[in-house]
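Here is a short note to read alongside the model. Please keep the view open and follow the points in order.

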Amino acid sequence: MKKCNRRVELGRRQFLRGSAVAAVGGAAAAVVPAGAAQAAPAPAQVDYPGKNLGNVSALKVNEPVDINYPDADSPGILLKLGQAVEGGVGPDRDIVAYSVLCPHKGWQLAYDKSDKSLNCSGHFSRFDCESGGQQIWGHATQNLPQFTLRVDNKGDIYAEGASDLIFGRPSNVL
C-alpha cells in the first residue's frame, strides 16, 4: 500500500506561510512612528441612574453593607476600607462599592475581612477591594465592576454608574 505524504506537506507549508504572514502583520501593527503621541485608554464607564446607597455616618471600617445597584436584581456591597484608595470617596477617600456577581459565571461573592477581598465559591476567583476590584486569582477574565460614587454635603452616598458591565446584563441599558 502506498502512503500519501502530500497532504501532510501541504498542511505544513500552509501553516508556515500563514504563521509568517501573521508575524509580519503583527510586527507592522506594533510599529509606532517616532514622536507619535499615543492616547491613554479611557476608563470604561457604564452610566446608570443615580441611587442613594446610604450615609457616610452609618458606615463602619471593614464592615460591608449590602446594597442593590443599579436595580433590585443586582446585588452589591458598600465598604469603608479605613485607608484612602483609588476611586474612593468621602472625607477619607476610603468608601467604595462593587457588584458582588462574579464576572466569570455570576456566582455571588463573599467579602473576606482579613484581606479585604471578594471571593467566589463557585470557581475561586478573588478580587481586591483596595485596588478597584482587580482580579487577583481565578477563572474570571475581567475585574469586578466598581460603582462610581458621589458624596453630597450631608454625607449621603450616591451610586452613578459602574466601571464595567455587570454580569448577566446583555447591554448597559436598564
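In which sense do strand β5 and β6 pair, and over how many bridges? Strand β5 (residues 109-112) and β6 pair in the antiparallel sense, over four bridges; pairing here requires that DSSP finds at least two bridges between two strands.

1. **Ground rules.** This is a predicted model, in which local features need pLDDT of at least 70 and side-chain atom pairs count only at pLDDT 80 or more, while totals for chains, interfaces and linings use all residues. Residues are numbered from 1 along each chain as its sequence is written, and side-chain values use heavy atoms, with hydrogens and water left out.

2. **Overall layout.** The protein has one helix and 10 strands, running α-β-β-β-β-β-β-β-β-β-β from the N terminus on. Helices (H or I, at least four residues) and strands (E, at least two) are DSSP runs, numbered from the N terminus. Of the 174 residues, 33% count as buried; buried means under 20% relative accessible area, exposed over 50%, and partly exposed in between (1.4 Å probe, protein chains only).

3. **Around β6.** Back to the opening pair: Leu109 has Cys120 as its bridge partner in β6. Four residues lie between β5 and β6 in their hairpin, and Lys116 in the turn has a positive phi of about 50°. On its other pairing, β6 meets strand β7 (residues 126-128) in the antiparallel sense over three bridges, with Ser117 opposite Asp128. This second hairpin has five residues between its strands, and Phe124 in the turn has a positive phi of about 70°. Within β6 (residues 117-120), Ser117 and Asn119 point one way and Leu118 and Cys120 the other way, and all are buried.

4. **An enclosed strand.** Why is β4 largely enclosed by the rest of the structure? Five of its five residues are buried, so β4 is largely enclosed. Ile95, Ala97 and Ser99 point one way from β4, and Val96 and Tyr98 the other way. Strand β3 (residues 75-80) runs antiparallel to β4 and is joined to it by five bridges; Ile77 stands opposite Tyr98.

5. **The cores.** A nonpolar core is a set of buried Ala, Val, Leu, Ile, Met, Phe, Trp, Tyr and Cys residues joined through side-chain atoms within 4.5 Å. The largest has 18 residues, and Leu53, Leu78, Ile95, Phe147, Leu149 and Ile157 touch the most other members. Two or more residues come from each of β1 (46-55), β4 (95-99), β9 (147-151) and β10 (156-162). A second, separate core of 16 residues includes Val85, Tyr98, Val100 and Leu144.

6. **Charged pairs.** There are seven salt bridges, each a side-chain nitrogen of Lys or Arg within 4 Å of a carboxyl oxygen of Asp or Glu. One of them joins the side chains of Asp71 and Arg169 (2.9 Å, N to O). Asp71 sits in the loop between β2 (65-68) and β3, and Arg169 in the segment after β10, 98 residues apart. Asp71 counts as partly exposed, at 23% relative accessibility, whereas Arg169 is buried, at 17%. Lys80 and Asp94 also meet in a salt bridge (3.0 Å, N to O). Lys80 is in strand β3 and Asp94 in the loop between β3 and β4, and both are buried. Lys80, Asp92 and Asp94 are linked in a network of salt bridges.
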